[in-house]
Amino acid sequence: MHVPTMPLREFDDAQGRMPADLAARTQRLRACATRASMCGCCGVARRLLWLCFAAVRHGDDPIAEMLAGEAEHYVDTGEHHPDCPHLPPPPARGRRPVEGRVPGWPPGPLVAATDASWKRGTCGLGYVVGDGRWGMRGWTFGPQDPTGPSRVLVSELRAVGLLLDRVGDGGPELTLLLDSRPALRFLRAWRRGDTGLLPDGYDLRPRRGAPPSLVRLARRVAGRPGLAFEHVKGHSGHPLNETADSLASIARRNAADPFDCAARAEGLVEAFLRAWHDTPDRTPGELAA
């Protein structure tokens, strides 16, 4: 029996009535429910989703979870049409960050820089801290990625999240240098407490039952004492900015296996940090107007 696809609004409204964990599970069936009209396998799963949504409306969550599980089973094990939009993309690669620390730098006020590199569906993030810590991460975007149209901006903000994952929410004051003024505007708004401000089109649905990464980042920025942001002009020779930019580019170009580039990245970080520490009377960066 042919089961018509669901309008997007109907799918979104039905998801909005679900418990967060069940909504997160059905999110990956979005293409199956709304676009895969030619695929018989997705047609069976779509019928199960109709029943799942009906069970939620009637307050029968255990039945809804069972039906969602059956739908997941069909799309994961069934034979899809060759043009089915639900066919999973190649697995995201290089999602684990590569991190290290160059020893030997004297203690002092913490200054860090972050940057992102994005090209043709592949992204790289990079950060460096003046005390020798550094990290990078790269991956390829899939067709169901929740980033939305503001991919460059969101990537710049995710690089900040990668840094804060490393340095933590407490500890000494931290000055963070960025060359993206749009990202700075969001970070400063979050620092003032306007955590509801997010990039246009960014998907706010839970990720596996947890809030999206930028929602969590906004809360961290708002609640982290001693965090300051400054603008530095990109590609102007600033050692920390150049380090973060280079790490992001390395991570993007080697998203398949960034661990192969760890030694090269560490040598680059050490050279740039030496230039940073050897600069007399240095200031963190150019203060934005």
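Select R220, which is partly exposed at a relative accessible area of 21%; here buried means under 20% relative accessible area, exposed over 50% and partly exposed in between, with a 1.4 Å probe and protein chains only. This is a predicted model, in which local features need pLDDT of at least 70 and side-chain atom pairs count only at pLDDT 80 or more, while totals for chains, interfaces and linings use all residues. Residues are numbered from 1 along each chain as its sequence is written, and side-chain values use heavy atoms, with hydrogens and water left out.

D165 and R220 form a salt bridge (a side-chain nitrogen of Lys or Arg within 4 Å of a carboxyl oxygen of Asp or Glu), with the closest N and O atoms 2.6 Å apart. D165 lies in helix α6 (residues 151–167) and R220 in helix α8, so the pair ties together parts that are 55 residues apart in sequence. Helices are DSSP runs of H or I with at least four residues, numbered from the N terminus. D165 itself is exposed, at 54%.

Stay in α8 (residues 213–223) and pick R216. R216 is partly exposed, with a relative accessible area of 39%. Leaving aside residues up to four places away in sequence, R216 touches A210 and P211, where contact means heavy atoms within 4.5 Å. Its C-alpha atom is 8.8 Å from that of G161, 55 residues away along the chain.

Next, select R101, D131 and R133, which are linked in a network of salt bridges. The D131 to R133 bridge has an N to O distance of 2.7 Å. D131 is buried at 13% relative accessibility, and R133 is buried at 14%.

Move to D12 and R30, another salt bridge, with the closest N and O atoms 2.7 Å apart. D12 lies in helix α1 and R30 in helix α3, so this pair ties together parts that are 18 residues apart in sequence. D12 is partly exposed at 27%. The count of salt bridges comes to five.

Now colour α2 (residues 20–27), where L22, A23, A24, T26 and Q27 are buried. What do the buried residues of α2 pack against? They pack against α1 (8–16), α3 (30–34), α4 and α5.

Finish with D60, in the loop between α4 (40–57) and α5 (61–77). D60 is partly exposed at 34%. Together with D21, D61 and E65, D60 forms a negative surface patch. Patch members have over 30% relative accessible area and no salt bridge, with like charges joined within 9 Å.

Definitions and conventions: Helices (H or I, at least four residues) and strands (E, at least two) are DSSP runs, numbered from the N terminus. Patches are made of residues with over 30% relative accessible area and no salt bridge: like charges are joined within 9 Å, nonpolar side chains (Val, Leu, Ile, Met, Phe, Trp, Tyr) within 5 Å. Accessible areas come from the Shrake-Rupley method with a 1.4 Å probe; for residues, only the protein chains shown count as cover. Lys and Arg count as positive and Asp and Glu as negative; His and the chain ends are not counted. The place of a charge is taken as NZ of Lys, CZ of Arg, CG of Asp or CD of Glu.
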